[in-house]
Amino acid sequence: MDSILTAKGLTKKYSKFTLGGLDFEIPRGFATALIGANGAGKTTLIDTLCGVIRATSGEVTYFGEDTDIEEAAIREKIGYCASSSFFPQGWTAKDIAMSMELAFDSFNREKFRTLCEQLDVDSDITKKPKPMYKQSDGNRMRLSLAAVFARETDLLILDEPGSSLDPLMRDRLCDRLREYLDDGNGEKSIVFSTHNIADMENAADYAIFMDKGRIIESGFVEDLKDKYIIARGEAADYDKAKHLLMSHSKNRTVFDGLALAENAEELARLGVDSEAPTLQQLSIGLLKYAEETR
Amino acid sequence: MKILQNSDIPIYKQIAGQFKEDIMNGRLAEGDYLPSIRGLARDLKISVITTMKAYEQLTEEGLIAPVQGKGYIVNPQDREMVKEQHLRLLEQHLQNAIESAKLAGIDREELVNMINLLYDIE
Amino acid sequence: MKDMLRSFRIFTGNYTLKTVFQMLLAFVAVFAAITLLSLIPVEDESFAEGFLTAFLPAFSLFLPLCGVFLLNAIYSYNNPITPGFKYFHSLPDSDTAYAQAIAAANLFTLIIMVLGVTGHYIYSVFAPFPLSPMISAALALLTTGITNFIGNVKNQWVRIFSVMPIFCLAGFASGFSSAMLEDGERIPDTVIWISLGVAIAVYVAGLVYALATCKKKWRRE
């Protein structure tokens with residue numbers, strides 16, 4: 001795989017939580033979704049990748065060559081934004097523009113202004129712009145996104161970008177992510193985290209599933225959809241099929257569950273139907289499986 | 001091109017199917033380039049990997065081929081095979097026409113006249 | 001110098017300088033208002049005098065606060081609970097920028113102090129000002145110096161308890177000198193110079209410590 005980012009044994013230890021050791025790759029030219037429940041370690045992973053916090057051990061290779069996130073040139077190429085409280089409380093769009101213009105070579109003020117208008121938030125020329133603490137979570141995220149997209153970057157790393165947005169804005173975000181990949185012509189890549197992949201199902205090419213600081217599965221979405229199936233059967237057949245199901249939910253009448261596609265034929269013989277999973281169904285199945293086998 | 005997001009048919013199959021149709025009926029000619037993978041994903045509001053899978057399927061079937069750095073190009077199609085495909089399509093359409101004619105009580109002569117008339121207008 | 005200013009603006013945007021400017025403006029306005037008030041002829045002259053004696057020393061404590069505010073604004077961004085922590089830590093060469101911003105904040109603090117002490121001095125020439133401008137300068141330097149020492153400490157209690165003695169000291173100094181003034185006495189010059197000397201020493205030590213350690217502290221999380 002042609003990867004934009006490779007992690008080997010990446011570990012971050014806290015007194016009550018340990019992330020890793022993680023070995024994974026992020027494919028170049030695609031959007032990768034980090035999927036996991038709250039507390040799975042997605043934010044810790046993203047913050048470590050972006051140099052906000054430092055790994056306890058392990059190594060990350062960026063853009064195929066560099067391993068030091070302290071390198072300014074790498075940071076210039078990464079567009080990062082956190083899920084909340086990214087900018088100081090008292091700041092307005094004007095402060096953001098001023099600070100980012102000084103901090104990043106490629107920050108484009110006009111582009112920022114246009115993006116703010118498109119995303120319908122105060123820009124740096126709005127009269128009496130609102131400071132962060134007076135804005136909703138959604139507006140803060142929009143401003144952070146406008147700030148990130150106003151730069152020339154090769155890799156976006158966004159922490160829960162869709163969670164605080166309304167459906168319309170989320171749709172616009174997905175459009176913008178695809179536009180970013182298209183403009184990059186296979187060279188630009190995206191990583192975003194989400195605890196609700198249904199919202200961004202059509203924006204994810206590659207998926208990394210996380211549970212309790214570990215990676216439980218990863219791969220291209222279409223491959224994963226070939227690898228797994230959702231099995232559906234009548235409650236009476238459950239006991240016979242049980243050993244083939246990874247995770248399941250069952251009531252008096254029916255059951256369904258995640259299974260490996262290679263077992264589809266055997267399940268069919270037992271009278272259990274199967275269908276291709278959506279990414280949402282896949283993540284529920286996998287996360288449930290991880291929870292049960294922890 | 002139109003895509004149904006909640007159809008039973010996987011999106012990549014829908015895309016592949018429509019390109020196949022376009023190639024068969026000549027709307028995409030030999031040597032034409034398919035839209036770029038990421039451009040199409042952007043337009044159809046679907047993920048890049050889904051588009052890619054559609055293109056991979058078409059490549060496997062020999063309808064298109066990747067060109068380094070330029071995208072995917074429509075392969076020269078086997079004339080006989082294309083004709084065969086067209087014939088099958090034609091048969092199907094005529095079958096439908098005959099069925100409709102029977103339902104409407106139109107006899108064979110009248111149907112043939114209609115076809116002649118329409119053929120001339122074309 | 002240019003880099004220092006650039007880093008300072010990266011960390012503060014328009015916001016912090018605007019706030020400091022507003023604080024200074026408020027400071028001058030209240031100072032002017034009190035001065036005008038004290039010029040109103042009253043029958044009992046001791047009222048104006050008493051007012052000045054009681055109020056102004058307390059108010060002059062505002063001076064160190066300005067400096068502390070500016071410095072703490074920068075230092076606070078090295079605490080993960082402060083909004084902005086993640087933004088600043090993701091910037092290119094963020095540790096260098098942090099060090100430069102701290103240096104710049106110290107410079108601005110010194111400028112504010114010099115302005116304040118000058119104003120204080122001019123004022124004390126015209127009116128019987130109870131607290132020597134040198135003592136007030138010493139207090140301001142002491143506060144700033146300690147702020148530089150504890151800048152990267154995350155524990156709020158440690159922070160509060162390290163600055164609190166200064167304000168107690170300030171209250172004590174102003175009360176003491178007011179009492180002396182009433183008796184027609186002044187704090188002896190030697191005491192003033194010694195306190196100033198100690199304050200300068202603490203300040204310089206704080207600054208050196210801050211600049212020597214802040215890059216490392218910036219990367220501790």
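Across the interface of chain A and chain B, the rule finds 6 salt bridges, a salt bridge being a side-chain nitrogen of Lys or Arg within 4 Å of a carboxyl oxygen of Asp or Glu. One of the pairs to look up is E179(A) with R42(B), whose closest N and O atoms are 3.9 Å apart. Please keep in mind that this is a predicted model, where local features need pLDDT of at least 70 and side-chain atom pairs count only at pLDDT 80 or more, while totals for chains, interfaces and linings use all residues. Residues are numbered from 1 along each chain as its sequence is written, chains are lettered from A in the order in which they are written, and side-chain values use heavy atoms, with hydrogens and water left out.

Let's stay with chains A and B. The rule also finds 11 residue pairs in polar contact across their interface, both residues at pLDDT 80 or more; a polar contact is a pair of N or O atoms within 3.5 Å, where, within protein, one must be able to donate a hydrogen and the other to accept it, and residues adjacent in sequence count only if both atoms are side-chain atoms. On the side of chain A that touches chain B, the elements giving two or more residues are α6 (167-184) and α7 (221-227) of chain A. Helices here are DSSP runs (H or I, at least four residues), numbered from the N terminus. α6(A) gives the most to this side, with 7 residues. By class, the side of chain A that touches chain B has 5 nonpolar, 3 polar and 10 charged residues; Ala, Val, Leu, Ile, Met, Phe, Trp, Tyr, Cys and Pro count as nonpolar, Asp, Glu, Lys and Arg as charged, and the others, Gly among them, as polar.

How much area is buried between chain A and chain B? The figure is about 1400 Å², of which carbon and sulfur atoms give 50%. Buried area is the accessible area (1.4 Å probe) that two parts lose on being put together, summed over both. R178(A), N202(A) and E222(A) supply 40% of the area that chain A buries against chain B, more than any other three residues.

Now for the other chains. Of the 2 pairs of chains in contact (heavy atoms within 4.5 Å), chains A and C share the most contacts. No contact joins chain B and chain C, and their closest C-alpha atoms lie 28 Å apart.
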